[in-house]
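Biologist: I would like to learn how to read a protein model step by step, beginning with the whole chain and ending with single residues. Could we go through one together?

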Amino acid sequence: MKEFDATDLEIVEYKLNAYIAVFDGTIKPFSQIEERFDDLYSSEFIEEVANETPVTKQQMSVHATELLSLGTKAKIVSFIPIDASHFKAAIHVQNNFSNTVVESTATIKVGKIVSIRNVICMTETETSPQ
């Protein structure tokens, strides 16, 4: 197996764990996580979703705000380094309306995530808002 410097991966894994830990099921404003969000995602961040328009960092912050307002719980299921600048992760996201595991491949640069490509979204249960 080829060796590589995992320093940036370790930094991003630490930041991702700290960010995801905030999604503990309690409703809170985005301002409580904004610093962690900005520390994790590059200003150049793009999320690529199949057959959809790419999502910018600003749009991602709106989505995070919505998840926080729903009292969402999130947990990292797996974090697998691919090489010095890529990793695969699976994150379980659960609230009153959705129970989903998102598997993604991410690219990092200088200790921040610059892009995510969602590979698989598995929804276990989904209900309509009451």
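This is a predicted model: local features need pLDDT of at least 70, side-chain atom pairs count only at pLDDT 80 or more; totals for chains, interfaces and linings use all residues.

Biologist: What span should helix H1 have, and what is the distance between its end C-alpha atoms?

Modeller: The general idea is to count 1.5 Å a residue, and so the 15 residues of H1 should span 21 Å, which agrees with its end C-alpha atoms being 21 Å apart.

Biologist: Which residues of H1 are buried, and which exposed residues are carried on the face turned away from them?

Modeller: The buried residues of H1 are Leu9, Val12, Lys15, Leu16, Tyr19 and Ile20. Seen down the helix axis, these buried residues fall within an arc of 130°, and therefore they line one face of H1. The face turned away from that buried side carries the exposed residues Glu10, Tyr14 and Ala21.

Biologist: Which residues touch the most other members of the largest nonpolar core?

Modeller: That core has 29 residues, and those touching the most other members are Leu16, Tyr19, Phe23, Ile33, Tyr41, Phe87 and Ile113. The elements that give two or more residues to this core include helices H1, H2 and H3 as well as strands E1 and E3, while the largest share, five residues, comes from H1. If we follow Ile33 and leave out residues up to four places away in sequence, we find that Ile33 touches Tyr19, Val22, Phe23, Ala64 and Leu68.

Biologist: Is Thr105 buried or exposed, and what about Val110?

Modeller: Here we compare the relative accessibility with a cut-off, since buried means under 20% and exposed means over 50%. Thr105, found in strand E5, has 11% relative accessibility and so counts as buried. Apart from its neighbours within four places in sequence, Thr105 is in contact with Ile82, Phe87, Lys88, Ser115, Ile116, Arg117 and Val119. Val110, by contrast, counts as exposed because its relative accessibility is 69%, and Val110 is found in the loop between E5 and E6.

Biologist: What is phi of Val110 near?

Modeller: Phi of Val110 is near 50°, which is a positive value in a residue other than glycine.

Notes. Residues are numbered from 1 along each chain as its sequence is written. Side-chain values use heavy atoms; hydrogens and water are left out. A nonpolar core is a set of buried Ala, Val, Leu, Ile, Met, Phe, Trp, Tyr and Cys residues joined through side-chain atoms within 4.5 Å. Buried means under 20% relative accessible area, exposed over 50%, partly exposed in between (1.4 Å probe, protein chains only). Helices (H or I, at least four residues) and strands (E, at least two) are DSSP runs, numbered from the N terminus. Contact means heavy atoms within 4.5 Å. The expected span of a helix is 1.5 Å times one less than its number of residues. The arc is that of the directions from the helix axis to the C-beta atoms.
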